[in-house]
Amino acid sequence: MRHFTAVVKPTSGGSGSETLVPLARRLREAGADLEVEYSRSLGHARDLALRAAERGRVVLGVGGDGLVGRVVGALAGTDAVAGIVPAGRGNDFARALGLPGEVSDLAELLLRAEPVKTDAIEVESAVHQRMAVLGSVYTGVDALANRHANAYRALGAVSYYAGGLRAVTTWRPARYRITIDGTVHERTGFTVVAANSGYYGFGRQIAPNASVRDGVLDVIVIHHASRLLFFAVMNELRTGRHIRRPQVEILHGREVRIEADRSLPYGADGEVEAELPVTARVLPEALNLLC
């Protein structure tokens, strides 16, 4: 039987711990060994994951995309086996992997599934030196909306709508310099997203054709348009139909460097990390995931 270490952040609204309790019961009833480590921060979660992996344990990231990204991303390029227990608001990478929502089904997967080689993203900027994340790096009005939402966190779920509205209504077009595998593309628009998986932003299909196993990043550029049209594009992200619009451009590459004509935040796996410029590189088959 497998030996699991679950890394959970107890301050994330309690959802991580609440999700883990019935899952832990199922795993232990099946004979698995499970220990739980509570993280104090994303950096601490990364350290806990590395220490558990060094002991040969299967590491479970329990939480939303931010925590899961740090826990699982810490193991990129190693032989360690990891699993994801989605317990956040978005769970976008878990959605891209098609992980089951029922506790019994997830427990069976974690107990029986064989690890699958899966791509990750290496993020490099002035703040982060080669940190691995899972889903996407986004650099524009979406990252700004996330930053505003964090400032309105006391409002609960409403914070995301308030943050998004403030970001869009105050946005002015950014001039981007996007270097993909050495080729420079200059664009003006709302955002540039380097996507390993198809989902971001709580279930929005920003890159519906992206694959976590193709060794390539899908680069989505939403060009400058009226705010009314931009809201229409945002609505179409729920189904992926936005990619049919001429204002949406899709590029592909293994290494993507994104710069802008002014200071802009970038986000990764649901967390606003730092300011542009940022470089995102695909790490082919860097993860061993139970999925």
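Entry 1. I started at D92, which is buried, with a relative accessible area of 6%. I kept in mind that this model is predicted. Next I looked up the partner of D92. Its side chain meets that of R95 in a salt bridge, 2.9 Å from N to O. Both residues sit in helix α4, which covers residues 92–97. They are 3 residues apart, so about one helical turn separates them. I then checked R95 and found it partly exposed, with a relative accessible area of 38%.

**Entry 2. A pair across the sequence.** I turned to D33 and R57. They form a salt bridge, with the closest N and O atoms 2.6 Å apart. D33 lies in strand β2 (residues 33–38), while R57 lies in the loop between α2 (42–54) and β3 (58–63), so the pair ties together parts that are 24 residues apart in sequence. I looked up accessibility for each partner. D33 is partly exposed, at a relative accessible area of 32%. R57 counts as buried, at 10%, because the cut-off for buried is under 20%.

**Entry 3. R257 and E259.** I noted a salt bridge between the side chains of E259 and R257, at 4.0 Å from N to O. E259 counts as partly exposed at 25% relative accessibility. R257 also counts as partly exposed, at 32%.

**Entry 4. The tally.** How many salt bridges does the count come to? I wrote down 16.

Notes. Residues are numbered from 1 along each chain as its sequence is written. This is a predicted model: local features need pLDDT of at least 70, side-chain atom pairs count only at pLDDT 80 or more; totals for chains, interfaces and linings use all residues. Side-chain values use heavy atoms; hydrogens and water are left out. Helices (H or I, at least four residues) and strands (E, at least two) are DSSP runs, numbered from the N terminus. Buried means under 20% relative accessible area, exposed over 50%, partly exposed in between (1.4 Å probe, protein chains only).
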